Amino acid sequence: PGIQEAPLFVMLVGVSAALIDLTLANGFNAGTNGVAGPPVTSGGPGMGGAILNNGGTVALTGCTVVSNSVMGGAGWVEVSSDPSTSDGGPAWGGAIYSAGGSVLATNCQFLANAATGGTAGTTGAGTADSGLAAGGAIYAAGTSVVVVESSTFDGNTCVGGSLGTTSISYGTGGSGEGGALWAAGGPVHVYHSAFAGNATSGGSR
């Protein structure tokens, strides 16, 4: 299995945290790599390079959130004639991943954060897809509430995972979605904020 890094902050259900005038920089969280098994497993998700919020309330005021990143784990790499293979893992929220709860950002800067999907497993004949990348700065899952006011999102990126080296190129490169922010279904409120230079791209074959 791959090494799983830790976000800078982890918030659990019921926790309320106020982060004021802080710089959150260079956090990294990588999903675990797929394994041969049995059973063969896919790459795990990378979530929230700076903050992983599992149902808490996180309020950032005057913070600079810069150069944080997540990467999906790589799919299982074949080492024999066994055609088993597995998908690359997703990457969600280069800076912040929120599953339920709330994220509130006021007078903050989100700069050069990145999400990169995991590479699909290498195989001689099987089929494997590479990982989705979504939410270069913020990924809001489920019913998460996001409120952004007077903030800047600049240079955040999502890059879908690429396919592994295959002798038969089956599978699909991962997509990149929401260069700055991606939300699954909860409410998102953005006031008096600027978005510039955020980008997405799909993974290469």
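Predicted model: local features only at pLDDT ≥ 70, side-chain atom pairs only at ≥ 80, totals over all residues.
Two strands are taken to pair if DSSP finds at least two bridges between them. Strand β16 pairs with β11 over four bridges, and Tyr97 stands opposite Tyr139 of β16. The largest nonpolar core has 23 residues, and an aromatic cluster is formed by Trp92, Tyr97, Tyr139 and Trp182.

- Strand β17 (residues 145–149) runs parallel to β22 and is joined to it by four bridges.
- Val148 stands opposite Val190, a residue of β22.

- Two bridges connect strand β10 (residues 91–92) with strand β15 (residues 133–134) in the parallel sense.
- The bridge partner of Ala91 is Ala133 in β15.

**Strand β16 and its partners**

- Strand β11 (residues 96–99) pairs with β16 in the parallel sense, over four bridges.
- Strand β21 (residues 181–183) also pairs with β16 in the parallel sense, here over three bridges.
- Ile138 has Leu181 of β21 opposite.
- Both faces of β16 are covered, with Ile138 and Ala140 buried on one side and Tyr139 and Ala141 buried on the other.

**Nonpolar cores**

- In soluble globular proteins, nonpolar side chains tend to be buried together.
- Within the largest core, of 23 residues, those with the most contacts are Ile51, Leu60, Val65, Ile96 and Phe110.
- Two or more residues of this core come from each of β2, β7 (57–61), β12 (102–106), β16 (138–141) and β17.
- Leu60 touches several residues beyond four places away in sequence, among them Leu19, Ile51, Val65, Ile96, Val103 and Cys108.
- Another core, of seven residues, lies apart from the largest one and includes Met47, Ala134, Tyr139 and Ala141.

**Aromatic pairs**

- Six aromatic pairs are found in a search of the whole structure.
- The ring centres of Trp92 and Tyr139 are 5.5 Å apart and the ring planes lie at 25 degrees; planes under 30 degrees apart count as stacked, so this pair is stacked.
- Because Trp92 lies in strand β10 and Tyr139 in strand β16, the pair ties together parts that are 47 residues apart in sequence.
- Tyr139 has 8% relative accessibility and therefore counts as buried.
- Tyr97 and Tyr139 are likewise stacked, because their ring centres are 5.4 Å apart and their planes lie at 10 degrees.
- Tyr97 belongs to strand β11 and Tyr139 to strand β16, so this pair links parts 42 residues apart in sequence.
- Tyr97 is buried, its relative accessible area being 9%.
- Trp92, Tyr97, Tyr139 and Trp182 belong to one aromatic cluster.

Conventions
Residues numbered from 1 in each chain as written. Heavy atoms only, no water. Core = buried A, V, L, I, M, F, W, Y, C linked by side-chain atoms within 4.5 Å. Buried < 20%, exposed > 50% of the residue type's maximum accessible area, 1.4 Å probe, protein only. Contact = heavy atoms within 4.5 Å. Phe/Tyr/Trp six-rings, centres within 6.5 Å; stacked < 30°, edge-to-face > 60°.
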